[in-house]
Amino acid sequence: MSKPTSSVASTHERGWRGFPVGFKGTYADQTGGEKFFLNNHLVFTILYHKDPETLMSRIVGFEVTPFSVKHQYEAPWNKDRPRLLTCNPDSKTYVNPTQPPQEVNVDEEIIFSYDVEFKSSLVKWASRWNTYLLMGDDQIHWFSIVNSLMIVLFLSGMVAMIMMRTLHRDISKYNQLETQDEAQEETGWKLVHGDVFRPPSNAGLLCVYVGTGVQFFGMTLVTMIFAVFGFLSPANRGGLMTAMLLLWVFMGLFAGYASARLYKAFKGSDWKNITLKVAFTFPATVFAIFFVLNFLIWGEKSSGAVPFGTMVALVLLWFGISVPLVFIGSYFGYKKPALEDPVRTNKIPRQVPEQAWYMRPVFSILIGGILPFGAVFIELFFILTSIWFHQFYYIFGFLFLVFIILIVTCAEITIVLCYFQLCSEDYNWWWRAYLTAGSSALYLLLYATFYFFTRLEITKLVSGILYFGYMLISSYCFFVLTGTIGFYACYWFVRTIYSSVKID
């Protein structure tokens, strides 16, 4: 066993898994520009704790410090007992940062070596995971929660003002009108009562995405509850992914039910076609992207590629369990009586007046996605860091709070913008409600792009494609989730306000 005589600054950080294979830089005696160097010497520090009662010792952790050193040895090379001049415990020569580093050149001989040091530690066996689970940035997480709560309070104030003051005044005024002439002189959201429940264009596609959103919402909610109560270990990412996939499969029952209920409210009759789209549209899109990305990993001969047998098992789960459950849920959903609209729909659509520039669909939708994204973007940074820098993400309590705040924010911003839209006599709210909250996924993708260029040092084309491919899948999932939350909040709001006024 050898031991370095001085400590060095290394790229090792406490709680990180792995160490850098090499680095790019310069050193004092180097001529020319930056070059690539290999970390060919590792210093292993084995931490052990001795139990004072049993006098037994247990390994409670280890640390690795990488060095780059151009080794020298006594010629000729003896493969059975080599004698290094730069690292020799007999002559007490240890690797230190003053030695020339090992440059990466073609056909150059490279010698790998290591040191081992055993060190007593006060960390007990039961607390050995604390080195990975230390939360030194708890203030940032609390700042994230407070920031999100400020957004929620702001939106809640606006919704309360609309519901308690403006709407209350409007409903009282509408219900006090006595003559038909007075009713015709009124403007605002009551005038579009005959068109507000008119089925939208592409109503079937909306039902598909709403059903998919319900499925994704159920999977996310149950997964987070399991994680908060400690059923899912942060060290076992495979277990987390397996739980999410199984929950997704079984939540197909609710996807079929929700889509069928909404489709029947639209007076649709071809429910089997809608059910097929619910079962295949979202999963097929995600699976196609994932298969292409995995094919690229196969091409690179990486061990991170998903085996072919696992891909077959995913397809069997999809076709063997998820699809039948979607059909079962859809059957029971369509069998139930359709939701009755609180007002009658006119046979002839009302003309939508010219809208102000700030109430046009594109501007309104893009503005609506800013606040939901603003409520989660700080926590999103830690999630991306956990995924791409191989850190442990374990603060599921914070994440669950942020998820609840996201639900409230999506619901409230959609309700506020929907009210303004109806007041301007535009009754085409169905798709806009979904897209208003769902547009936060666009900001998530833009943030992922910013994160790529500012935090990551990915130079290979395949690695860049993998990053943006996986972030595209994540943004698509986020779109479906937030869009469904906004839609149902708006659906409840519209039904509530139009059932509160007297319509002749």
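**Close-up views: loops, core, buried helix and cavity**

**View 1. Leu55 is exposed, with a relative accessible area of 60%.** Exposed means over 50% relative accessible area, buried under 20%, and partly exposed in between (1.4 Å probe, protein chains only). The model is predicted: local features need pLDDT of at least 70, side-chain atom pairs count only at pLDDT 80 or more, and totals for chains, interfaces and linings use all residues. Residues are numbered from 1 along each chain as its sequence is written, and side-chain values use heavy atoms, with hydrogens and water left out. Leu55 sits in the loop between β3 (41-50) and β4. Its phi is positive, about 60 degrees, although the residue is not a glycine. Helices (H or I, at least four residues) and strands (E, at least two) are DSSP runs, numbered from the N terminus.

**View 2. Asn202 also has a positive phi without being a glycine, at about 55 degrees.** The residue is found in the loop between α3 (180-185) and α4. Asn202 is exposed, with a relative accessible area of 54%.

**View 3. A cis peptide bond runs from Ala75 to Pro76.** Omega is near -5 degrees. Pro76 belongs to the loop between β4 (57-67) and β5 (102-103).

**View 4. The largest nonpolar core holds 100 residues.** Such a core is a set of buried Ala, Val, Leu, Ile, Met, Phe, Trp, Tyr and Cys residues joined through side-chain atoms within 4.5 Å. Leu422, Trp429, Val494 and Tyr498 touch the most other members. Helix α14 (residues 461-498) gives the most to this core, with 18 residues. Apart from it lies another core, of 7 residues, including Val43, Phe67, Val95 and Ile111.

**View 5. Trp429 is buried, at 0% relative accessibility.** The residue lies in the loop between α11 and α12. Trp429 and Cys418 are 11 residues apart in sequence, and 6.7 Å apart from C-alpha to C-alpha. Cys418 is buried, with 3% relative accessible area. Cys490 is buried too, at 1%. The structure holds 0 disulfides, a disulfide being a pair of cysteine sulfur atoms within 2.5 Å.

**View 6. Helix α12 (residues 430-438) is largely enclosed by the rest of the structure, because 7 of its 9 residues are buried.** These are Trp430, Arg432, Ala433, Tyr434, Thr436, Ala437 and Gly438. They pack against α4 (203-228), α9 (361-368), α11 (396-423), α13 (440-455) and α14.

View 7. A search of the whole structure finds 1 cavity of 30 Å³ or more. On a 1 Å grid over the protein atoms alone, a cavity is a set of points where a 1.4 Å probe fits but cannot get out; lining residues have an atom within 4 Å of a point. Points are joined across faces, edges and corners, and the volume is the space filled by probe spheres set on them. The lining is Ser364, Thr414, Leu417, Cys418, Gln421, Trp429, Arg432, Ala433 and Thr436. The elements giving two or more residues to this lining are α11 and α12. Helix α11 gives the most, with 4 residues. By type, the lining has 4 nonpolar, 4 polar and 1 charged residue. Ala, Val, Leu, Ile, Met, Phe, Trp, Tyr, Cys and Pro count as nonpolar, Asp, Glu, Lys and Arg as charged, and the others, Gly among them, as polar.

Technical notes:
Contact = heavy atoms within 4.5 Å. 1 Å grid on protein atoms, 1.4 Å probe; cavity = no way out; pocket = protein on both sides within 12 Å on 5 of 7 lines; lining within 4 Å.
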